[in-house]
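Please read it with the coordinates open.

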Amino acid sequence: MLLLGCIKEVSEYELVISLPSGLSGFVPVTHISDAYSKMLSKQVAQGELLEELPSLLDLYSPGMLVRCIVTSVEKRADGRRSIKLSIDPKKVNKGLNASALASGMLLSGFVSSVEDHGYLIDIGVSGTHAFLPHQKAQNYIKAVKRGPDLKIGQNLNCVIVEVKNEGRVARLSIDRSEVAASLATEQQNWTLSNLLPGLVVKARVQTVAPFGIKLSFLSSFTGIVDFMHMDPEKSMKYSPDQVVKACILSINPTSKVVRLTLRQAFLHPGGSPNQLSSDRMGAVVEESTVKAFYKQFGAIFELDDGTLAFARLKHLSKNKKSLQPTAFKAGCKHKCRIIDYSLMDEMCIVSLKYQIIEARFLQYQDVHTGDLVKGKVFSLKPIGMQVKVTDGIRGLVPFMHLADVILKQPEKKYSIGDEVKCRVLECNPEGRKLILTLKKGLIQSKLPVLSNYEDAKPGLITHGFVVCAREFGCIVKFYNDVKGLVPKNELSSEPVACPDKVFHEGQVVKVMVLKCEPQQERLLLSFRLSSKPALEDKKEFTLKKKEEVKYQIGEMVDVKILKKKDSGIEVSVLEDEGNVIAFIPTAHLSDFVTTCKLLWHCLEEGDVLPRVMCLSDKGERMILSRKSAVISAVQEEQVVRSFSEIQPGMLLTGYVRKVMPFGVFVEFPFGVTGLAPKVSMSDKFVTDTKDHFEVGQTVIAKVMSIDEEKQRVLLNLKVSECSSGDSAAESFALLNQYFKEMKEIRNLLTRKEEPSVARGLGELVPGKELQLVMQDVKEDGSALFHGSSVTGLTVTATRYHMGDKKIGPGEKTKALVLHVDALTSKVYVSLREELLKQK
């Protein structure tokens, strides 16, 4: 379908086009013209900007009329249709051929090349060489003022001045007076297959009806002018056989329907339709008068300034059932709000809906940085989440801003249609760009919003988020891309050796401004918000802090190790300058029981542990946990906070609290506990419950049933029953976490053990191939080995893993590492050929 459109907005990558009947479409940057697309491809291939390639902002401006062809109509997730267009002359003028070209024709063309005496113009007609001489372009260039020359990719209204060699050569003019006076005539032999929108014709009125007029033109054509496109000054004065000037708006080749307009702004090609004053957009009109009501379409209103406006049927009332046609008789008055402006219909679009009239936000200009907004989840993408604030306003929550921490699986927390409360990080109305955050620390903040460098006065305390943590300190970002540096000496009252281990990307932090240079956009910040108390008051200060500080379950803190005890590790919370003491039980150092013991062995007093979660604040001291599976469950809201929230079939992450002969008690975050009976503990037959589970072990449990009277929960721990669906992905995630923690342990070992032993343990990983020498063979068939890479370690291969190798003491052999027990400094290897071959 071919349409005449008017450019509404211009961005770097697309044109937004106003279409007839209040519709809108868009032209991607790749659908301008062949010459422009080739230059784009060249720029992409070279990886740098080409000086000769102008941007869409240089070529186009709002108000320009363009001929378009519909390339696709797609249904979006919210049910609305997205119209994709092209203004490429090869598609728009595809119905024309060289032999059909005639003098006086008005065509759309694009500059494809700049020559010495003029310009080559792409009019989309195969086999035709179209040329625009310099003298026929000067009048236009002076009026448009876009530089001394036309640019490649520039859209032009061209009048054919002369056709030679049966259409193979065409000389053009873009002189404004010649274009404005152009008229399509019968002598130009237009047909339905090559008729174009934008052509001005002389037409004769055939019939006049309440919804519009039927016209005949170019002797053999008929077309329709709907009620929105009659000349407002003459809308009731048309009569049969009257001759009028009209402009073709659209041609539908399938239905063969041609629509035209009688509005004055379109009757002189090269002109522009009237635009709405920017201060009227969003305005509420207390009394608008009904001029006409069309039960299938909507109503025409006269606003307080005398201009006409149109309200679609769906905007006349809350819903179809509540619509009362009698309320829209001519002369009735209604309160409405201007929600849009259709350039192609030269008419305001209004709504009578109460929720729209009272809406806080209607367009991007209404939204300000730091505003709290509510919206619905529109889509989830790799870069983040799209949120629909209103019908015309959409925002993006970047991946980093979906929660206070980075979410591994956002789709588990958010679903399409969910209502969310966000804070605006950045708003650019011109680019229709809205960036939002869902970080609770920023949403709930009562501190001032820092959105420009001028407001960053020394002493100002505000919230921001970490975007980078390196050896030099942290870079913290605020609103509108304002950012500053927290140098290493201002990270804490105590020295921080490795900032990247204490602070993480996306972490919400409270900072104080030390110094600001607005012109240079430099900002110096500090995490040290108050001075340290005097030594004599330290004890009193500590007690006071203990009473005041309340940490919620699930809150993340960074801690420093104070003391190692048999049952766990005593730590101090860094955020409170070491004045809050907490405890991490050994079993809560990791999800893996063996790793817990290893970590306890490797950690030392003074070590800093980042991102530890508050598990319980009952009793004398706060209990913390480093179990990644439990932390993820809390952060992704896969938890129950009370007994009343539990439902049969739920999958919950918890940890073994007690192992009894009859079953296993499992505790979950927020203190809810349940029992997995012996029969529901394992897919295997259970003889002794202690053979299957250990206290502190992380588990995923499925809720079987609940007894509300006795407040009891029965659980199932069978692996076959406790998978969320993708068991392979879950297994790989667990393995990945295990290897990540083993890497951390190897790094810790290198500083704790003897250098040679530490190096050996740190470098040995399962699957590594070693050159060993047999040391001895035991009675059970296993063997001991030694070698330069395993100095100080006990290396063993069981009888099975000796394979078919017949070697004696002192002989060399290849072996593959199976397992490393860092606690006992033992390494288990295999000599089996089938394993070594895989290497």
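1. Basis of the values. This is a predicted model, in which local features need pLDDT of at least 70 and side-chain atom pairs count only at pLDDT 80 or more, while totals for chains, interfaces and linings use all residues. Residues are numbered from 1 along each chain as its sequence is written, and side-chain values use heavy atoms, with hydrogens and water left out.

2. The barrel. Five strands close into a barrel in the order S31-S32-S33-S35-S34, with mixed pairing, and the twist averages 55° from one strand to the next. Strands here are DSSP runs of E with at least two residues, helices are runs of H or I with at least four residues, and both are numbered from the N terminus; two strands pair if DSSP finds at least two bridges between them. Angles run from 0 to 180 degrees between N-to-C directions, the axes being lines fitted to C-alpha atoms, for helices over the stretch in contact.

3. Strand S31 (residues 556–565) and strand S34 (residues 608–616) run antiparallel and are joined by four bridges. Met556 stands opposite Met613 in S34.

4. The helix on the sheet. H12 packs on the sheet and touches S31, S34 and strand S35 (622–625), where contact means heavy atoms within 4.5 Å; the direction of H12 makes about 65° with that of S34. Because six of its eight residues are buried, helix H12 (residues 628–635) is largely enclosed by the rest of the structure. Buried is taken as under 20% relative accessible area, exposed as over 50%, and partly exposed as in between, with a 1.4 Å probe and protein chains only. The buried residues of H12 are Ser628, Val630, Ile631, Ala633, Val634 and Gln635. Just after H12, Glu637 takes a positive phi of about 60°.

5. Strands S16, S19 and S20. Strand S16 (residues 284–294) pairs with strand S19 (residues 333–342) in the antiparallel sense over four bridges, and Thr289 stands opposite Lys333 in S19. S19 is in turn joined by five bridges to strand S20 (residues 347–351), and these two run antiparallel. S19 and S20 form a hairpin with four residues between them, and Glu346 in the turn has a positive phi of about 50°.

6. Cysteines. Which residue in S20 is the bridge partner of Tyr341? The partner is Cys348, which counts as buried at 3% relative accessibility. Cys336 likewise counts as buried, at 0% relative accessibility. The closest cysteine sulfur to that of Cys336 is in Cys348, and at 8.8 Å it is too far for a bond. The structure holds zero disulfides, a disulfide being a pair of cysteine sulfur atoms within 2.5 Å.

7. Ser21, although not a glycine, has a positive phi of about 65°; Ser21 lies in the loop between strand S2 (14–18) and strand S3 (24–28) and is partly exposed, with a relative accessible area of 38%. Leu218, also not a glycine, has a positive phi of about 45°. The place of Leu218 is in the loop between strand S12 (212–217) and strand S13 (221–226), and Leu218 is buried, with a relative accessible area of 10%.
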